[in-house]
Amino acid sequence: MEEQMAKIDLSNISHTYNPLDPKPTYALNPFSMTWENGKRYAILGPSGCGKTTMLNIVSGLVRPSKGEILFDETPVTDLKTEDRNIAQVFQFPVIYNTMTVYDNLAFPLRCREFTKEKIEERVKAVSDTLNLSSFLNSPARKLTADQKQLISLGRGLVREDVAAVLMDEPLTVIDPDLKFRLRRNLKEINEQYKTTLVYVTHDQNEAMTFAENIIVMDQGEIVQVGLPKDLFEKPKTTFVGYFIGSPAMNIFHSTVSSDHEVKINDTTIKTNSNLGNLKDKNVKLGIRSEFIELAEKEKSNTIKIKLTRVEDFGNFKLLTGKMGDLVIKSKVEREKPIPDGELNLYFPPEKCCVYSDEKLV
Amino acid sequence: MSKLYTFLKYFFITFWTVFVVAPFLWAVSTSFKDFQSVNSKVTYIPWLDFEPTLEGWRVLIKSPAKGGVDIVEPYFNSIFVTCTASLISIVLGTLAAYALSRFTFKAGFVRNNDITFFFISQRIMPPIVLSIPFFIFLSTIGLLDSLLGLVVVYIVLLMPIAVWIMVDFFNRVPKELDETALIDGCNPYQAFYKVVLPNSIPGLIVAGMFCIIFGWIDFFFAFILTFTEVQLLPVKVVALNSSITPWWSLSASALVSVAPLIIVAFIVERYLSKGNLSGALK
């Protein structure tokens with residue numbers, strides 16, 4: 001069964017929903033990507049950025065306007081959905097109302113003509129994982145919304161031979177406690193069966209805790225693919241900086257003053273970026289509020305700010321300060337004493353990211 | 001205030017019930033009367049006011065040669081025409097509605113909604129407008145005064161109802177359901193009859209109910225498109241009326257005519273009260 005799982009290649013895929021228009025608008029701009037067998041991916045991005053289109057292209061519900069999809073080097077672009085061996089879970093529970101829970105879970109296997117014993121074994125295994133065992137004989141329509149979503153999820157997981165399980169914000173309707181447990185279950189299933197899982201979400205925490213690889217999308221473009229750590233520490237664009245992390249990355253307009261230095265309102269900040277080609281150009285300096293440190297006194301790479309607000313989040317304090325028009329946010333440990341009025345913030349050079357035309361230098 | 005509300009509520013319910021049931025009771029009682037009991041004086045209670053007789057019912061099954069009116073054949077004709085036309089309308093209408101709900105059609109300025117409206121427009125026209133074309137059409141293909149001809153005409157009349165109800169119903173079945181079925185391994189036909197159709201049974205029942213009602217009660221086309229060979233029940237019942245109105249057999253035939261609809265209503269009502277049809281009716 002495991003050898004049926006596949007590496008999925010998306011090669012030069014692009015898609016528009018109005019191909020006959022003289023100037024079509026693209027829901028997905030051309031991109032290429034490979035999903036390795038057995039890995040966990042999260043597709044992260046705001047609503048309408050093309051995440052769902054991408055999933056539908058892989059499952060075959062949408063045929064891409066251009067490009068090719070390959071499962072293990074075999075082109076499947078023209079293969080119908082039912083022949084693709086992909087499981088997909090939608091945002092809202094989709095269940096077969098007229099069937100029992102058992103029949104719902106068995107349906108994908110019955111469609112593929114598995115033996116009765118095999119079906120029974122798989123349904124039992126999946127219903128155990130998802131805590132559905134006690135409902136197997138109830139009509140599926142009588143269950144609560146989150147149980148129904150578990151059924152949808154179960155129908156995706158019940159097939160061992162799937163090339164990938166695609167999930168489109170599947171945990172939206174599930175309450176937080178169960179959400180946490182389910183994410184862990186999904187991880188376990190992935191580790192145990194080596195099923196490739198692709199998980200669409202607009203919730204960065206969900207993406208960060210679930211996936212090994214995160215694909216960040218914006219307006220039909222793939223902006224960055226990488227490990228959660230990379231996305232957090234070295235966002236490739238200002239968009240990723242804004243989108244990932246809470247609060248969003250601090251981003252300041254600045255001018256390059258030397259090979260490694262930028263100027264924000266006359267304060268010089270040293271960075272580790274090589275800025276030789278950008279001398280005197282306008283750039284943006286980005287730094288995570290987590291990396292900004294409180295400094296006892298003014299020194300190099302510090303900025304003097306006027307403290308405007310302190311918010312206590314329990315495990316940390318969020319300081320908001322102003323330098324002229326600039327607003328700076330910094331996360332500090334809860335125990336740290338916060339001086340009133342003015343204070344100095346230290347920007348570690350290795351944590352500073354410089355963006356020219358919104359892209360990381 | 002609430003007492004007044006309760007009083008008014010029960011008052012109107014009682015009033016409405018009497019309004020609906022009284023004609024039935026009148027018909028039931030009249031159907032057991034003879035000429036004397038109907039025409040001499042006002043009578044209400046059997047055995048006390050009048051002597052009940054089954055004559056009004058008997059003539060319904062007696063052949064005309066023996067002085068009866070024989071509504072048995074028209075009755076079965078009506079059942080055949082209504083059921084066949086309803087069944088075909090539901091099958092074709094459901095398929096058409098599914099297509100209209102799931103696919104986007106484009107032909108010049110014509111879109112899905114225009115096609116749906118085209119179906120319904122057949123019912124918006126006064127029937128008299130259609131009578132001459134239907135007459136010429138049926139006489140051309142030699143189906144005038146035949147059961148098959150009536151079935152064809154009734155399909156034209158009933159299919160819009162089926163399409164209209166089912167389009168609305170399918171539009172409320174999320175398309176993710178079909179997509180899930182495809183992903184689970186059905187081909188599009190299996191997805192339709194294994195998943196979408198079982199979910200649409202309430203809609204089918206409602207559409208079926210309307211088709212049967214409208215097919216069963218039609219008098220106009222049954223009257224215009226048949227002469228001597230074939231007669232449908234509504235035409236036959238109206239034809240009972242002669243120089244002396246036979247109130248007893250007229251009542252009896254009215255009762256047997258509405259009986260099937262009452263049975264349909266009871267079956268559908270059971271579904272309605274179970275909540276299975278919630279959302280199937282606007």
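Biologist: How do I read burial from a model, and does Asp280(A) count as buried or exposed?

Modeller: The general idea is to count neighbours: a residue is buried if 20 or more other C-beta atoms, placed from the backbone, lie within 10 Å of its own, exposed if 12 or fewer, and partly exposed in between. With 8 C-beta neighbours inside 10 Å, Asp280(A) counts as exposed. Please keep in mind that this is a predicted model, in which local features need pLDDT of at least 70 and side-chain atom pairs count only at pLDDT 80 or more, while totals for chains, interfaces and linings use all residues. Residues are numbered from 1 along each chain as its sequence is written, and chains are lettered from A and ligands numbered from 1 in the order in which they are written.

Biologist: Where is the place of Asp280(A) in chain A, and what is its phi?

Modeller: Asp280(A) lies in the loop between strand 13 and strand 14 of chain A, where helices (H or I, at least four residues) and strands (E, at least two) are DSSP runs numbered from the N terminus. As background, most residues other than glycine have a negative phi, and most peptide bonds are trans. Asp280(A), although not a glycine, has a positive phi of about 65°. Asp266(A), likewise not a glycine, has a positive phi of about 75°; Asp266(A) is found in the loop between strand 12 (261-264) and strand 13 of chain A, and it is exposed, with 7 other C-beta atoms within 10 Å.

Biologist: Which residues does a cis peptide bond join?

Modeller: The cis bond joins Ser246(A) and Pro247(A), with omega about 0°, and Pro247(A) sits in the loop between helix 8 (238-243) and strand 11 (250-256) of chain A.

Biologist: How should I read strand pairing, and which strand has bridges to strand 17 of chain A?

Modeller: Two strands pair if DSSP finds at least two bridges between them. Strand 17 (residues 316-323) of chain A is joined by 8 bridges to strand 18 (residues 326-333) of chain A, and the two run antiparallel; within this pair, Lys329(A) is the bridge partner of Thr320(A). The hairpin that these strands form has 2 residues between the strands, and there Gly324(A) takes a positive phi near 60°.

Biologist: What is the order of the strands in the open sheet of 4 strands?

Modeller: The order is 2-1-4-5 in chain A, with antiparallel pairing. Strand 2 (26-35) and strand 5 (74-75) of chain A stand at the edges with a single partner strand each, so one side of each is left without a neighbour in the sheet. Strand 1 (residues 8-16) and strand 4 (residues 66-71) of chain A are joined by 5 bridges, and Ile8(A) stands opposite Phe71(A) in strand 4. Helix 1 (residues 51-59) of chain A packs on the sheet, touching strand 1, strand 2 and strand 4 of chain A, and its direction makes about 120° with that of strand 1; the angle is taken between N-to-C directions on a scale from 0 to 180 degrees, with axes fitted to C-alpha atoms, for helices over the stretch in contact.

Biologist: Why is strand 3 of chain A largely enclosed by the rest of the structure?

Modeller: In strand 3 (residues 40-44), 4 of the 5 residues are buried, so the strand is largely enclosed. Strand 3 is joined to strand 8 (residues 197-201) of chain A by 5 bridges in a parallel arrangement, and pairs in the parallel sense with strand 9 (residues 213-218) of chain A over 4 bridges. Ala42(A) has Ile214(A) as its bridge partner in strand 9.

Biologist: Which residues touch the most other members of the largest nonpolar core?

Modeller: In soluble globular proteins, nonpolar side chains tend to be buried together. A nonpolar core is a set of buried Ala, Val, Leu, Ile, Met, Phe, Trp, Tyr and Cys residues joined through C-beta atoms within 7 Å. Of the 80 residues in the largest such core, Ala42(A) and Val198(A) touch the most other members, and helix 2 of chain A supplies the largest share, 6 residues.

Biologist: How many residues of chain A are in contact with chain B?

Modeller: Taking a contact as two C-beta atoms, placed from the backbone, within 7 Å, 17 residues of chain A are in contact with 14 residues of chain B. Strand 6 (86-89) and helix 2 (101-111) of chain A each supply at least two residues of the chain A side.
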